[in-house]
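Colleague: Could you take me through one part of this model in detail? I'd like a close look at the ligand site, please.

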Amino acid sequence: MITSVIFDLDGVLVFTDKYHYIAWKKIADELGIHFDESINNRLRGVSRMDCLNILLEGYKGKVLSDDEKEALATRKNDYYRELLAGMTPADVSDSVRDTLSELKKRGYLISIGSSSRNAKFILDKVALADAFDAISDGNNIDHSKPNPEVFVKAANFLNQPCNRCLVVEDAKAGISAGKAAGMATVAIGDAAKCHIADHNISEVSELLGILL
Ligand code: BG6
Ligand code: MG
C-alpha cells in the first residue's frame, strides 16, 4: 500500500529544466562544446558537477583543474539563478497545485526528492514551500541520482518505509534511483519515453487515477 508520494522538482512540478538548458548551453557555447537536447536529457536528475563532467566529454581544450571546474559550475549556477529569480507562483500550474492538495486530502504524505541545491529557493519563489510534509534535496545528500539516497532520505523524513513510497520523475536517472530505493515509480516527460517505470503519465494530474 502506497502512503507517500515523492516528487522530483525540476521538470515535474516546475519547468526549471528549460532554465538548466539555457544556462548549460551558455557554458557550452563559451567553451566551444556541442550541446543539444539529447546531451541535456543526460543532465536530468544528476548533480551540478556530474552535469559539468558530462558536458566536458565534448571539450577539446586542455585538461581543466578542479578549481577551474568549480568556477565553471559556479558560473552556470549564477546564470541559472538569474533565470530562477524571475519565477513567480504563476509558474506552477493549477493542475499541479490541485493534484498536490487532492493527494493530501486523500491522506497521502508528500515530499520533494530533488538533487538540486536550489530546491528551497525555487519552492519559495513559486509559493510551494509549505505544500510538502518533507523536503529532501541536494543539500542533504552525498550522492545524486541514480543513487537512491535522496529518496531514501525523503522516506526517512516522512517516517515511512521505502516500499510504501512512490516516486514521480522526469529523469531516467531518477527512475533508476526510485527503483534502487525499492519504491514504486511514475515517469513523466523525457523519462516516460524510456518505458522503465511502473507507470507512464503525460500530466501530473493523472496521478489521481493511480493513487486512489
Ligand atoms: C536536478 C536537475 O533537479 O538538479 C539537474 O534535474 C541538476 O539537471 C540538479 O543538475 C542539480 O541542480 P542544482 O540546482 O543544484 O545545480
Ligand atoms: Mg527532474
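Modeller: The ligand 1 site

Of the 15 residues around ligand 1, the ones that come nearest are Asp10, Val46, Ser116, Arg117 and Asn118 (a residue counts as near if one of its heavy atoms lies within 4 Å). Bear in mind that this is a predicted model, where local features need pLDDT of at least 70, side-chain atom pairs count only at pLDDT 80 or more, and totals for chains, interfaces and linings use all residues. Residues are numbered from 1 along each chain as its sequence is written, chains are lettered from A and ligands numbered from 1 in the order in which they are written, and side-chain values use heavy atoms, with hydrogens and water left out.

By class, that shell splits into four nonpolar, seven polar and four charged residues (Ala, Val, Leu, Ile, Met, Phe, Trp, Tyr, Cys and Pro are nonpolar, Asp, Glu, Lys and Arg charged, the others, Gly among them, polar).

A polar backbone atom of Arg117 is 2.7 Å from an oxygen atom of the ligand. The protein covers 97% of the 390 Å² of accessible area that ligand 1 has on its own (Shrake-Rupley method, 1.4 Å probe).

How values were computed: A polar contact is a pair of N or O atoms within 3.5 Å; within protein, one must be able to donate a hydrogen and the other to accept it, and residues adjacent in sequence count only if both atoms are side-chain atoms.
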